[in-house]
Amino acid sequence: MKEGEDYDNVFAPVPHATAARAIISIAVALDLELHSCDLAQAFVQVDKLDEGGAEEEKDVVYEVLRPLYGIPSSARALHLTLSTFFKEQGFRTAGFEDSVWIREAGGAYNHCIIVSARIDDTLMACKSLSTMQKFKDAFLTRFEGTDEGE
């Protein structure tokens with residue numbers, strides 16, 4: 001890593017506090033279910049880093065297969081893994097908030113779902129409890145974590 005040059009490789013977007021307040025306000029106004037999930041050992045569950053990840057020491061090369069706590073790019077790798085999962089599920093990012101995703105009703109899920117992720121903590125809103133549970137089942141099948149409920 002080079003000071004001032006690797007911003008794109010280590011920056012991990014997190015939602016502003018106003019995004020969480022907005023989701024909670026929308027959930028109250030529209031009578032949505034509001035749940036959360038917490039990822040267990042989140043950085044161990046992410047996809048392999050693509051930006052090198054190898055360090056040389058004399059004649060030995062070590063390749064980092066999974067991001068580790070304390071490595072600057074770990075949060076970025078987690079965000080990219082979450083983003084890939086959400087896009088595969090039909091979500092799109094909410095405007096300028098790269099850590100808030102929205103999925104319109106239709107297809108696998110009969111109701112709109114809003115998800116906000118701050119590193120390993122997610123906030124989810126949906127009108128239907130059954131749609132929420134179906135999505136949380138898919139989420140917790142892909143990622144090991146706990147359903148924190150309402």
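Cys 37 counts as buried, at 2% relative accessibility, where buried stands for under 20% relative accessible area, exposed for over 50%, and partly exposed for what lies in between (1.4 Å probe, protein chains only). Another cysteine, Cys 126, also counts as buried, at 1% relative accessibility.

Before going further, a word on the ground rules. This is a predicted model, in which local features need pLDDT of at least 70 and side-chain atom pairs count only at pLDDT 80 or more, while totals for chains, interfaces and linings use all residues. Residues are numbered from 1 along each chain as its sequence is written, and side-chain values use heavy atoms, with hydrogens and water left out.

**Cysteines**

How many disulfides does the model hold? The count comes to 0 disulfides, a disulfide being a pair of cysteine sulfur atoms within 2.5 Å. For Cys 126, the nearest cysteine sulfur belongs to Cys 112 and lies 7.3 Å away, so Cys 126 is in no disulfide by that cut-off.

**Salt bridges**

Now to the charged side chains. A salt bridge here is a side-chain nitrogen of Lys or Arg within 4 Å of a carboxyl oxygen of Asp or Glu, and the count comes to 2 salt bridges.

| Salt bridge | Closest N and O atoms |
|---|---|
| Glu 104 with Arg 92 | 3.0 Å |
| Asp 147 with Lys 136 | 2.9 Å |

Let us take the pair of Glu 104 and Arg 92, whose closest N and O atoms are 3.0 Å apart. This pair links distant parts of the chain, 12 residues apart: Glu 104 sits in the loop between strand S5 (97-103) and strand S6 (113-118), and Arg 92 belongs to strand S4 (residues 92-94). Helices (H or I, at least four residues) and strands (E, at least two) are DSSP runs, numbered from the N terminus. Glu 104 is partly exposed, with a relative accessible area of 45%, and Arg 92 is partly exposed at 44%.

In the other pair, Asp 147 meets Lys 136, with closest N and O atoms 2.9 Å apart. Here too distant parts of the chain are linked, 11 residues apart, with Asp 147 in strand S8 (residues 145-149) and Lys 136 in helix H4 (residues 129-142).

**Around Thr 122**

Our last stop is strand S7 (residues 121-126), where Thr 122 is found. Thr 122 is buried, with a relative accessible area of 4%. Leaving aside residues up to four places away in sequence, Thr 122 touches His 35, Ser 36, Cys 37, Val 115, Ser 116, Ala 117 and Phe 139, contact meaning heavy atoms within 4.5 Å.
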